[in-house]
Amino acid sequence: MGIKIDALKCINCMACEMACSYHRDDGFAFLSACIVVYRAREKQDYFGVLIKEEEFLKVARPEGLEVNRIGEAADPNKKADASVKPMLLREGCDLCEDMDDYGPMCIAICPVDAITLE
Amino acid sequence: MEYLSTDKILVIDLATSKIEETALDESLVSEKIGGAGITKHLYEKHLNDDPIVIGTGLLTGTTCPASASGLITAKSPVTGKMCHCPVIYKVGIEIKFSGYDYIVVKGVSDKPVYLWIHDGVADISDASGIWGKDVWESTDSLRKFMGDDLLQTMMIGKAGENRSDYAQICYNYWSSPDRFGLGKLFGSKKLKALAFRGMGLIEVADHENFVRRSLEILKEIKTNDFMTKKGIAEIASAMGEAGVEEWLEPIVHRHSADYFTPYATNTAVFLDEDPKRVEESKVAEPGVLISDVLALLAFKKLGLSAEDAGRALKACAKYGIDPAAVAELSGKSSLKEIVDSFDGLSGTVTLKGKGSFSPWCPLKPIFNDFGLSGDAAEAEAWWERRQAVAMIFGIQPIFSVMCPELSEENMLELAAIGTELDLTQEILDRVVADLLK
């Protein structure tokens, strides 16, 4: 079981990022989120969602899902965002195992149901 | 102020380069709640220094749906009166997460500067390297210099530097709700930009209850019919403007939302790239993000094609000029003539409403009727109050006129849960009345 993201449904609102960090910090921040909206290509209007799992970094791009095993060399043909690098230092997704009332917070908060469980 | 707050007010004097920080007193929040209630208080406190007060709403950057907005309170060069301009996209929340609830910028600098606000630190920096550059070049330059593509900016272009009456403060690369000529005010202070970035943590008094109520409100919102729609053309249709969807659709790339705003109010159009492309464009500047439905409609009514309207909006955003003023005052109907008119633009723009809140936000309910009768005076009073409340709590202004579920009662409840303050309807009524007088 894991998080599934429909990047074409995503409206780049960052609610998932806030909810994920809330699950870690019990406050409002973006610091600890293991799911982030990557939005650095602002002029290109190119955005999607990145999620760190225990062993994998999944990138839900508009054109499809990219799965990278953490520790393996990144694809040199893909441009990396400096702002995404701290992701590797963060805890991986635990599906919000302690949030009994809601399940994964990113799913509960996504206003357009772009995030589901697979 | 312990909760829903950074507890910090920043006061920057451009004339002396003095930077001061003060705490945000809980008593002030109890009296004024937040957002425009407090920016107005700070504006009046520093009135003799012609201040620009930048602030956030009490709920900005929380799990309250649509808590995306900050605001700028200042004396409008267009109206000569105090106004409140929404700060949208993701710029509004970055103000709070950069470490400050409110920032007062007073005085006049003797040389071009920008303010770099980051993680609770504020710097006045030399802007000579970007003064003279357009909004897009300047934002690119600051992001490259800081090594951070997520830097959020308020930026003026050549219109502001040249002190055009119609100069607009732009956010990142895009046009803004600034119908008030605040770009001219920035230019007159030799203030090129503010740049924000921060990874702050906002504490919540009863976080479990706050998030539970937020999700309940979101659930109510998601039953709304507008949740099946997206983008700026559907807003235009709901306003009664026929044919906009068909006109714009061929160049639409994607729709996006301001922070946690359930309706995607922004539409990106591609002008130099296939709009259907889903992979990242290799074109550096393929199009423009549109958030200003009334400016878009104004260019359409001049007879422009959707592509030329997009190009006009892009040119306005680069130059840092209010596209609605350009459409109204240029008297031109071709793209080239419109763009060539920027420097010589003159005349009086029509600002609907009372001039306190930005008529960038449509002055009518969208998608829902909010129980209004259709009487024009009733609708105007409703809009003014709705904008005032949005600017107090930090709610995306356009979403506030489409979503009845985001009621005053719900906002007050979240504010009270989040702060443990006794924030009542009576207090809100008093703050709103003060803003509307």
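Helices here are DSSP runs of H or I with at least four residues, strands are DSSP runs of E with at least two, and both are numbered from the N terminus. What we're looking at is a predicted model, where local features need pLDDT of at least 70 and side-chain atom pairs count only at pLDDT 80 or more, while totals for chains, interfaces and linings use all residues. Residues are numbered from 1 along each chain as its sequence is written, and chains are lettered from A and ligands numbered from 1 in the order in which they are written.

Let's start with chain B as a whole. It has 17 helices and 14 strands, and its C-alpha trace spans about 55 × 50 × 45 Å along the principal axes. For 437 residues, a compact globule would have a radius of gyration near 22 Å, and the 20 Å of chain B agrees with that. (The radius is taken over C-alpha atoms, and the globule rule is 2.2 Å times the number of residues to the power 0.38.) Of those 437 residues, 59% count as buried; that label calls for 20 or more other C-beta atoms within 10 Å of a residue's own, with 12 or fewer making it exposed, anything in between partly exposed, and C-beta atoms placed from the backbone.

Chain B splits into domain 1 (1–229 + 349–437) and domain 2 (230–340), with bounds that come from an automatic or database domain assignment. Their C-alpha centres lie 23 Å apart. Where they meet, 44 residues of domain 1 are in contact with 30 residues of domain 2, contact being C-beta atoms, placed from the backbone, within 7 Å. On the domain 1 side, α3 (91–97), α4 (135–146), α5 (158–161) and α15 (397–400) of chain B each give two or more residues, and α5(B) gives the most, with 3.

Now step into helix α10 (residues 293–301) of chain B. Here 7 of the 9 residues are buried, among them B:Val293, B:Leu294 and B:Phe299. The cover over the buried residues includes α8 (232–238), α9 (244–248), β14 (287–290), α11 (306–319) and α12 (323–329) of chain B. Just after the helix, B:Gly303 takes a positive phi of about 100 degrees.

Next comes the place where the two chains touch. Chain A brings 31 residues and chain B brings 42. On chain A's side, α1 (15–25), β2 (35–41), β3 (46–52) and α2 (105–109) each supply two or more, and α1(A) has the largest share, 5 residues.

Leaving out residues up to four places away in sequence, B:Phe260 touches A:Cys13, A:Met14, A:Ala15 and A:Met18, along with B:Pro65, B:Ala66, B:Ser67 and B:Ala68.

Look at A:Cys16, whose partners, not counting residues up to four places away in sequence, include A:Ile35, A:Val49 and A:Cys106.

How values were computed
Contact = placed C-beta atoms within 7 Å.
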